[in-house]
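Here's a quick briefing for anyone opening this structure for the first time. Have a look at it below, then read on for the main points.

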Amino acid sequence: MVSSSLDIDLDKIRYNAAQVKQMCQQQGIAVLGVTKGFSAIPEIVSAMLAGGVDGLADARMENIVELRNVGFDQPITLLRIPRLSNVKNVVRYATISVNSEITVIKALAEEAKKLHTQHQVVLMIDVGDLREGVMEEHVLETVNQISHLQGVKLLGLGTNMGCFGGVLPSIDNLGRLVELGNSIQNQLGIQLEIISGGGTSTLSLVEDQKVPAGVNQLRIGEGILLGTDSTNQRRIPWLCDDAFLLRAEVIELKDKPSVPIGDIGRDAFGKVPQFTDVGVRKRAILALGKQDVIIEGIIPVDENLKILGASSDHLIIDVTDSSTNIQVGDSVSFRLTYSGILSASQSRYISKKFRGG
Ligand SMILES: *Cc1c(COP(=O)(O)O)cnc(C)c1O
């Protein structure tokens with residue numbers, strides 16, 4: 001049986017990681033390879049490491065525990081601020097965590113003391129994107145509180161942009177982050193090791209050599225995986241954009257009208273579907289559906305194919321203008337966006353096939 005597959009070119013992942021690492025290193029910036037986009041599949045993690053990333057980072061404790069269980073002993077940063085209810089695992093398995101709540105940082109410190117260890121904390125600062133982070137005016141007071149805790153060490157400051165508010169990294173907002181680091185040094189006498197200036201969306205500043213001096217770490221997922229930067233809506237020209245391909249098999253191929261026949265109710269997801277009449281078209285059904293992948297996150301490699309829609313288990317595409325003569329049993333290939341990889345990497349119905357590595 002041939003199931004739908006996610007084909008992963010490990011050489012391309014390694015190449016992308018090496019390219020990002022090289023460009024950042026020249027400007028004194030370390031790179032964390034972010035593994036949450038592909039649910040930390042170990043083969044892909046190894047390819048990132050082979051490309052030379054300085055450490056790993058993931059948003060999910062489940063992924064970090066799994067990475068430790070299969071033997072990865074590199075420093076791993078937890079990227080989603082920890083749950084108060086889960087500090088024990090955070091201290092056990094993650095080397096570093098990003099944080100914004102003093103209550104949680106205190107609990108991490110308590111837990112670390114019990115284990116006779118020290119947990120490292122990056123304090124997240126909200127410079128405007130309005131996802132996680134301490135507001136700038138409260139940073140000194142929070143750092144002061146952290147400095148009195150045994151059990152945790154304040155490694156540095158970090159910020160996240162693009163993900164919620166769509167705020168772009170800039171000389172101004174990253175400069176403010178560096179300034180805050182300077183104030184902490186001058187006013188509290190605390191030397192920070194890390195100023196972590198965001199993810200893939202900061203790479204355009206790296207390219208233009210405009211990252212403010214002092215920013216010395218980035219956390220890169222999307223760029224290494226896809227060679228794209230959604231926040232800045234661009235392809236990154238010096239990275240591969242086809243390390244991942246999704247393939248699904250044609251299970252029906254027929255000429256059908258473009259408008260359904262009969263009274264229209266709701267589709268399987270409660271929406272009233274809309275159709276335009278473009279006459280009879282050749283349609284293929286693929287063995288792939290919403291249960292496997294976020295349909296908006298896949299793009300046919302053949303630009304002449306058009307996705308018409310999907311239900312849980314069926315993807316319907318218009319193949320009338322296909323550049324090849326598609327038959328039942330053939331497979332059709334798709335590129336993926338971030339949401340496409342995020343979902344497809346987790347589907348247990350999609351087999352993962354690796355090339356290279
Ligand atoms: C997901 C995430 C990243 C990685 O972002 P990319 O855009 O995929 O590079 C970096 N930092 C944090 C806090 C994240 O949650």
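A polar contact, as the term is used here, is a pair of N or O atoms within 3.5 Å; inside the protein, one of them must be able to donate a hydrogen and the other to accept it. Keep in mind that you're looking at a predicted model. By that rule, 3 residue pairs are in polar contact across the interface of domain 1 and domain 2, both residues being at pLDDT 80 or more.

- Where they touch, domain 1 puts in 14 residues and domain 2 puts in 11.

**What the interface is made of**
- Interface size is often quoted as the accessible area lost when the parts come together.
- For domain 1 and domain 2, that buried area is about 1,100 Å², with carbon and sulfur atoms giving 70% of it.
- On the domain 1 side, D9, G37 and L226 supply 38% of the area buried against domain 2, more than any other three residues.
- Three helices each bring at least two residues to the side of domain 1 that touches domain 2: helix 1 (10-25), helix 2 (42-50) and helix 9 (222-226).
- Sort the residues on that side of domain 1 by type and you get 7 nonpolar, 2 polar and 5 charged.

**Around the ligand**
- The ligand has 13 residues around it, and the closest are K36, T200, R219, G221 and E222.
- T200 uses its side chain: an N or O atom there is 2.6 Å from an oxygen atom of the ligand.
- G221 uses its backbone, with a polar atom 2.8 Å from a ligand oxygen.
- E222 also has a backbone N or O atom 2.8 Å from an oxygen atom of the ligand.

**Salt bridges**
- Side chains of opposite charge can pair up when their charged atoms come close.
- The count for this model comes to 19 salt bridges.
- One of them joins D242 and K12, whose closest N and O atoms are 3.2 Å apart.
- D242 is in the loop between strand 12 (234-235) and strand 13 (244-257), while K12 is in helix 1, so this pair ties together parts that are 230 residues apart in sequence.

Methods
Residues are numbered from 1 along each chain as its sequence is written. Side-chain values use heavy atoms; hydrogens and water are left out. Contact means heavy atoms within 4.5 Å. Buried area is the accessible area (1.4 Å probe) that two parts lose on being put together, summed over both. Helices (H or I, at least four residues) and strands (E, at least two) are DSSP runs, numbered from the N terminus. Ala, Val, Leu, Ile, Met, Phe, Trp, Tyr, Cys and Pro count as nonpolar, Asp, Glu, Lys and Arg as charged, and the others, Gly among them, as polar. A residue is near a molecule or strand if one of its heavy atoms lies within 4 Å of it. A salt bridge is a side-chain nitrogen of Lys or Arg within 4 Å of a carboxyl oxygen of Asp or Glu.
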